[in-house]
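Hi everyone, thanks for making time. I'd like to walk you through one model this morning, so please have a look at it with me.

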Amino acid sequence: MGTEKNILLYYSDNHPTLIAALRSLKIMRRPAQPGDPQSNGVIEGLNHRILAATRAVLIQAGLPTCFWNYGSAHWCFLRNTHEQEGDISAYEKRFGEKFKGLRLPFGVGVFYYPAPTKKQFDSKFAPRLCYGVLLGYLLDPGLKWSGMYMVAGLEEFVGVDLHYNAKPTNFRHCQKPHKTRCIRMETQGYRF
């Protein structure tokens, strides 16, 4: 019985770093035609799906478009951790283990323990749980979940313009969200 040899083929644009990486890995490259998205239909279809999903999660969460980077990363991560009936998730295929965190919608309200470097309490008897907006999952290099969630404190949205085209400068504090291992849902369900 003969052995079959896997032939690896990669479709890419003409970026020099991609070309160099593929050459060093001995992977054949088929370049996409510049200016012709139909020549790279698979990735273009996925890009359109990600854009549409990001718009949807931003609308659902009631957050402006300047949160697109959190929304798109969140949607992609949930898609990769989703288990379809009779199949394991892409996350499990990649890392050999099921995703162990909470799969929650983008922008949902959660209780969280704030980072001690970002939140000072007025009293040692003040409640330690705060309320905030879930922005996503913190990933380690290689895209494995670190076990931490990213949350923006609700106080960071007080008095701020939440119109869909609000400027990112209105949300400076949200650019460095709290990173926490512990979040809790409300007992009444999801609230955005």
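Predicted model: local features only at pLDDT ≥ 70, side-chain atom pairs only at ≥ 80, totals over all residues.

Cysteine 182 counts as buried, at 16% relative accessibility; buried here means under 20% relative accessible area, exposed means over 50%, and partly exposed is in between, with a 1.4 Å probe and protein chains only. Cysteine 66 is buried too, with a relative accessible area of 19%.

Residues are numbered from 1 along each chain as its sequence is written, and side-chain values use heavy atoms, leaving out hydrogens and water.

Now the overall layout. The chain has four helices and seven strands, taken from DSSP runs numbered from the N terminus, with helices being H or I of at least four residues and strands E of at least two. Starting at the N terminus, the order is β-α-β-α-α-α-β-β-β-β-β. Of the chain's 192 residues, 34% count as buried. The chain exposes about 13300 Å², with carbon and sulfur atoms supplying 57% of that; the areas come from the Shrake-Rupley method with a 1.4 Å probe, and for residues only the protein chains shown count as cover.

On to the sheet. Five strands form an open sheet in the order β6-β5-β4-β3-β7, with antiparallel pairing. The edges are β6 (178–180) and β7 (183–184), each with a single partner strand, so one side of each has no neighbour in the sheet. Two strands pair if DSSP finds at least two bridges between them, and β5 (residues 145–153) is joined to β6 by three, running antiparallel. Within that pairing, tyrosine 149 has threonine 180 of β6 as its bridge partner.

Helix α3 (residues 68–81) lies across β4 (130–139) and β5, at about 65 degrees to β4. For that angle, axes are lines fitted to C-alpha atoms, for helices over the stretch in contact, and angles run from 0 to 180 degrees between N-to-C directions.

Finally, is histidine 74 buried or exposed? This residue of helix α3 is buried, at 2% relative accessibility. Beyond its neighbours within four places in sequence, histidine 74 is in contact with Leu104, Pro105, Phe106, Leu134, Leu135, Gly136 and Tyr137, contact meaning heavy atoms within 4.5 Å.
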